[in-house]
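Let's take a walk through this protein together. Keep the sequence and the 3D view side by side as you read.

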Amino acid sequence: MFLRVDIDFPYPRQTENYLNILLGLRFKNYLEDSKTLCRLLNRYNATATWFPTVLVIPDRELLDLLDEGRHEIGCQFIWRESEIERLRSELGREIRFYAIHGTGTLINKVLWRRFRHPSIESKELVCIRDDINFDKLCYRYPPCEILKIFKKLSSKTMVVTHPTYMNRRSVLSKKGPTSETFSFLLKSGLRFEKIRIED
């Protein structure tokens, strides 16, 4: 199964996330959940394609973990196509895939300062869409039930997760926690891999 990791927020607590996005404040546990997920995937030789935004750029520690596990980095656009150049420049990585960050609620539209869908015209980038929202499954089902669900799915299914829900449950969005389920699935031999586009 293909694993898409959307790095929307760098912290497990929403107050820190809002302060980071609105004011650019950074706290000591920056991207800690992303690093925890990456270490777990690396332990089982699982890979993913990670989609940061220009507001949540991987630091050196996360980049080293991504390199160690041979993961790939995509771009999650918020406002405009030029964001990909900033990511390429700051990360020193080639970027082949993109996703468009969703805003959904009015609160999120205000938080992200975006009320219109961004227009992406680039032909060389490959757009990635959602298939299965892992965070929502983890809110509703125990790990053993999710394993049964995944065993029935195609090996080309796209599984989407957000590291901020590794150890957090959101009643409002009905997401998470995902850490225990990821561990259970990987120990059970379920295979995750970075996104591949087949001709």
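What you have is a predicted model, where local features need pLDDT of at least 70 and side-chain atom pairs count only at pLDDT 80 or more, while totals for chains, interfaces and linings use all residues. Residues are numbered from 1 along each chain as its sequence is written, and side-chain values use heavy atoms, with hydrogens and water left out.

Now the overall layout. The protein chain has 8 helices and 8 strands; these are DSSP runs numbered from the N terminus, with helices being H or I of at least four residues and strands E of at least two. Of its 199 residues, 51% are buried, where buried means under 20% relative accessible area, exposed means over 50%, and partly exposed is in between (1.4 Å probe, protein chains only). Take contacts (heavy atoms within 4.5 Å) between residues at least 6 apart in sequence: 69% of them join residues at least 24 apart.

On to the aromatics. Rings of Phe, Tyr and Trp (its six-membered ring) pair if their centres lie within 6.5 Å, and the pair is stacked with planes under 30 degrees apart, edge-to-face over 60 and tilted for the rest. The whole structure has 6 such aromatic pairs. One of them is F77 with Y98, an edge-to-face pair at 5.3 Å centre to centre with 65° between the planes. Because F77 belongs to strand β4 (residues 75-77) and Y98 to strand β5 (residues 97-100), this pair ties together parts that are 21 residues apart in sequence. Both F77 and Y98 are buried.

F182 and F192 are edge-to-face as well, since their planes are at 65°, with the ring centres 5.8 Å apart. Here F182 sits in helix α8 (residues 179-187) and F192 in the segment after α8, 10 residues apart, so the pair links distant parts of the chain. F182 is buried at 0% relative accessibility, and F192 is buried with a relative accessible area of 0%.

Helix α2 (residues 32-43) packs against α8 at an angle of about 10°, with the axes 10 Å apart; axes are lines fitted to C-alpha atoms, for helices over the stretch in contact, and angles run from 0 to 180 degrees between N-to-C directions. α2 and α8 are therefore roughly parallel, the term for angles under 35 degrees, with over 145 being roughly antiparallel, 65 to 115 roughly perpendicular and the rest oblique. From α2 come L37, L40 and L41, which meet S179, F182, S183 and L186 of α8.

Finally, a few backbone details. G176 and P177 are joined by a cis peptide bond, with omega about -10°, and P177 lies in the loop between β8 (158-161) and α8.
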